Structures are given as structure tokens and as C-alpha cells.
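Please look over the model shown here, and keep the sequence at hand while you read the report.

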Amino acid sequence: MTNEQYTPAQRFQLAAERMEMERKKLRGMSATMRIRGESAEAIMKEVMELVCKSYSVTEEQVKGTSRVKSISHARHAFCYLCVKLDPMITLKQVGNLLGRDHSTVINSIKKCDDLRLTDYYFAAAFNLCLEGIAESNSKYMQSLVQKKLDEDAKNIGDNEIRKSVHSLQLVHDFMLAMTAYDLRKQDGDFSTGELIKALEKITSKAMKQGF
């Protein structure tokens, strides 16, 4: 079925069905988190790391006052995931971590739901967060991975480190663009204009970085 054959109502319904599947995944992830015995603080820390990675922002930016789109989007995702992953985490706890009150957290949760329906890049980054949580394991395994990365970094020069970092960012940008395109297709939008623009931007970025 082509893009023209889907009505706005049908596309909205497809997006709503996708969100319902995500909610079911989150319920399963929440149960796993409790089995792992993670504390509220540990869960919020893990969510913060995943959100920062998926939305390409820093923890300081999420906790700050900036209203830049990418940062506020990460903030909304963080609030939503913390509350949904652990029923024991209170709105006040999330708000305290961000330096905000509980009403702001409630508003962020609502905005997250709205953006997942209407903003494909937000939905793509949110999907990366879900994938990260699904694949998450114990802190011990994470520390082993980090230790290995630190050891590898010592064996290569600064230039190679920069190239590695740039390569990872380009891969992240490509995955985000493709995921956003896949989500649009799932919701009945088969246009490729946004994908082409994103790929052109990634190509230009790669050339500037010497690839």
C-alpha cells in the first residue's frame, strides 16, 4: 500500500498500535529490573546513560535549563522511562534528580507520549533507548566492557581515538535516520525525502571529518 492510500486516521492508528507494543515491552522490562534487584537510583542512572547516548546529549544538559529541542526531548524520554520502568520510583525522585517539581515530570511524560506519535526522530531515539534497556545486563558486565574499552584506548593514539569516536557518531546518526524511516513506513508514510536529507547530512559530516 502506498503512502497516498493511508488516511491520516489510519496512520494515527498504526502509530498508536506501535506505542501499545512498546508499552507491553516496557512492562516486561520493568519486571526484569525488579528481578535484577536494581535500586531506584541505579535504574535512573542507567536510564540517564541510555537517554544521553540515544539523543546525543550529556547528563549535564538533561539536568540543565536549556530548552533546545534535542535536550528537552531527552528530558521527556528520561522522565517517561524512569516512571514506567519502576513503579517504586516517585515523580518527586525524578524531579529532584532534574531539579524540577513533580508537575514538570508529569508534563514531560505526557509530551513523551505525544512525541512518540508525531515525531519520528524522537520515536527512533526512544526506540534505541528501549533496545538498550532490553539488552542491559548486570553492572558487573558493564564494568567489564568499560574496562576493555579503556585498555584498548591506551594502545592507540589520540588521532585514532578521535576517528573511532567520530565513526561511532556517524553510525549512530545513520541508525537514527534509518529507524525514523522504518517507523514512518510502519505508520503508512513511504516518502523518502527526510531520509535522503538525513543521509546527505551524514555524508557531508563524514567528509568534513576526513572519512
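The report turns to confidence and then to salt bridges.

This is a predicted model, in which local features need pLDDT of at least 70 and side-chain atom pairs count only at pLDDT 80 or more, while totals for chains, interfaces and linings use all residues. Residues are numbered from 1 along each chain as its sequence is written, and side-chain values use heavy atoms, with hydrogens and water left out.

The mean pLDDT (the predictor's confidence in each residue, from 0 to 100) is 81 for the protein, and 79% of its residues reach 70 or more. Confidence is lowest in helix H8 (residues 139-154), with a mean of 57, and highest in helix H3 (residues 59-63), at 96; helices here are DSSP runs of H or I with at least four residues, numbered from the N terminus. Where pLDDT is low, the predicted coordinates should not be read in detail.

The structure holds 6 salt bridges, each defined as a side-chain nitrogen of Lys or Arg within 4 Å of a carboxyl oxygen of Asp or Glu.

| Salt bridge | N to O distance |
|---|---|
| Glu49 and Lys45 | 2.7 Å |
| Glu59 and Lys63 | 2.7 Å |
| Arg116 and Asp113 | 3.0 Å |

Glu49 and Lys45 are 4 residues apart in helix H2, about one helical turn, whereas Arg116 and Asp113 are 3 residues apart in helix H6 (residues 102-118), also about one helical turn. Arg116 is buried at 0% relative accessible area, while Asp113 is partly exposed at 23%; buried means under 20%, exposed over 50%, and partly exposed in between, with a 1.4 Å probe and protein chains only.

How values were computed. Helix = DSSP H or I, 4+ residues; strand = E, 2+ residues; numbered from the N terminus.
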